[in-house]
Amino acid sequence: MSIPLIDLNAVSFAPGGVAVLHDVTLQANERRIGVVGRNGSGKTSLARVLAGLVSPAAGQVRIAGVDVAKDRKAALRTVGILFQNPDHQIIFPTVEEEISFGLTQLGQSGTDAAQNTTAMLAQFDRTHWAKAAIHQLSQGQRQLVCLMSILAMRPKLIILDEPFAGLDIPTTLHLTRVLSQLDAHLVHITHDPQHLAGYDRVIWIDEGRVARDGAGQTVIPAFMTRMQQLGEQDDFTHLSG
Ligand SMILES: Nc1ncnc2c1ncn2[C@@H]1O[C@H](COP(=O)(O)OP(=O)(O)O)[C@@H](O)[C@H]1O
Ligand SMILES: [Mg+2]
């Protein structure tokens, strides 16, 4: 039996002692996996658990067989995460420094990291960005820098947490095109299922649990119906976020 790409076994996550993910078990191998859910449903928590940035309170998380919370070194080669806000990710002043940092983290020499950074910029026709000051780029451009930094590390799986939040329509369309051309497997987290058209599999998270899991064609309409029902209620007191 081959090792599943994503393997969550009875995962709970409880930052500060309050459970926000409850007993999540799932296996997935699809190339394009969507995660939908309301604000506060636990999507970002799931993203952080999948990337191994946080340890589950209970259960196991394995990505391509790697225990990503425990084996951080192997995790860096296995899974990359694009945060909702690029400014929470970027640590260096220039584009080339930002991209090459991850490569040196993987153990590449300075020369190799520089070469691979140049190649990554060339792949996106952004060679002229190498020395650019990141803070002078637009949010969409900074998002692309983060994506290039992740892609340069060649992870098997890339987690995208609301990658289009705050981007205008042309930038969203450009990033959509870039994402559709990637070879890596994607987990794309969003509150807006429009972004998941054509996805092989969609997982609907509600209150820290898997509410539905299946083909996008069935999960997305069910999610939309439920969201419309909630939107028509007069009483918003029970609605989170
Ligand atoms: N570090 C944390 N400490 C305490 N509560 C948290 C922490 N991270 C997330 N939460 C809570 O977990 C719930 C799910 O949050 P989150 O995963 O960010 O949801 P989503 O991304 O779906 O909006 C929310 O109620 C949030 O307040
Ligand atoms: Mg979130």
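Predicted model: local features only at pLDDT ≥ 70, side-chain atom pairs only at ≥ 80, totals over all residues.
Reader: Let's take sheets. In what order do the six strands of the open sheet run?

Author: The general idea: strands of a sheet pair through backbone hydrogen bonds, either parallel or antiparallel. Helices (H or I, at least four residues) and strands (E, at least two) are DSSP runs, numbered from the N terminus, and two strands pair if DSSP finds at least two bridges between them. Here the order is E6-E7-E8-E3-E9-E10, with mixed pairing. E6 (79–82) and E10 (209–214) stand at the edges with a single partner strand each, so one side of each has no neighbour in the sheet. On average, neighbouring strands are turned by 20 degrees against each other, direction ignored.

Reader: Which residue of E8 is the bridge partner of Leu160?

Author: That's His188. The strands involved, E7 (residues 157–161) and E8 (residues 185–190), pair in the parallel sense over five bridges.

Reader: And how does the four-strand sheet pair, parallel or antiparallel?

Author: Antiparallel, in the order E2-E1-E4-E5. E2 and E5 (66–67) are the edge strands, each pairing on one side only. Two bridges join E4 (residues 58–63) to E5, and Ile63 has Val66 as its bridge partner in E5.

Reader: Which strands does H1 lie across, and how do I read its angles?

Author: Axes are lines fitted to C-alpha atoms, for helices over the stretch in contact, and angles run from 0 to 180 degrees between N-to-C directions. Contact means heavy atoms within 4.5 Å. H1 (residues 43–50) lies across E3 (32–36), E6, E7, E8 and E9 (201–206), running at about 155 degrees to E8. H7 (residues 216–232) packs on that sheet too, touching E3, E9 and E10, and its direction makes about 30 degrees with that of E9. H1 also lies across E1 (6–13), E2 and E4, at about 125 degrees to E1.

Reader: Next, cores. How many residues has the largest nonpolar core?

Author: In soluble globular proteins, nonpolar side chains tend to be buried together. A nonpolar core is a set of buried Ala, Val, Leu, Ile, Met, Phe, Trp, Tyr and Cys residues joined through side-chain atoms within 4.5 Å. Buried means under 20% relative accessible area, exposed over 50% and partly exposed in between (1.4 Å probe, protein chains only). The largest core here has 42 residues, and those with the most contacts inside it include Val95, Trp129 and Leu147. H5 gives the largest share, eight residues. Trp129 touches residues including Val95, Leu121 and Met148, not counting those up to four places away in sequence. Apart from this core lies another, of 30 residues, among them Val35 and Leu46.

Reader: How many salt bridges does a search of the whole structure find?

Author: Five. A salt bridge is a side-chain nitrogen of Lys or Arg within 4 Å of a carboxyl oxygen of Asp or Glu. Arg201 pairs with Glu30, the closest N and O atoms being 3.2 Å apart. The two are 171 residues apart, with Arg201 in E9 and Glu30 in the loop between E2 (21–28) and E3. Arg201 is buried at 11% relative accessibility, whereas Glu30 is partly exposed at 26%.

Reader: What about Asp87 and Arg142?

Author: Their closest N and O atoms are 2.8 Å apart. Asp87 lies in the loop between E6 and H3 (95–105) and Arg142 in H5, so the pair ties together parts 55 residues apart in sequence. Asp87 is partly exposed at 43%, and Arg142 is buried at 14%.

Reader: Last one: is Ser149 buried or exposed?

Author: Buried, because its relative accessibility is 9%. Ser149 sits in H5 (residues 139–152), and its side chain reaches the backbone oxygen of Val145 at 2.8 Å. Leaving aside neighbours within four places in sequence, Ser149 is in contact with Glu98 and Ile99.

Methods:
Residues numbered from 1 in each chain as written. Chains lettered and ligands numbered in written order. Heavy atoms only, no water. Polar contact = N/O pair within 3.5 Å; in protein donor to acceptor, adjacent residues only side chain to side chain.
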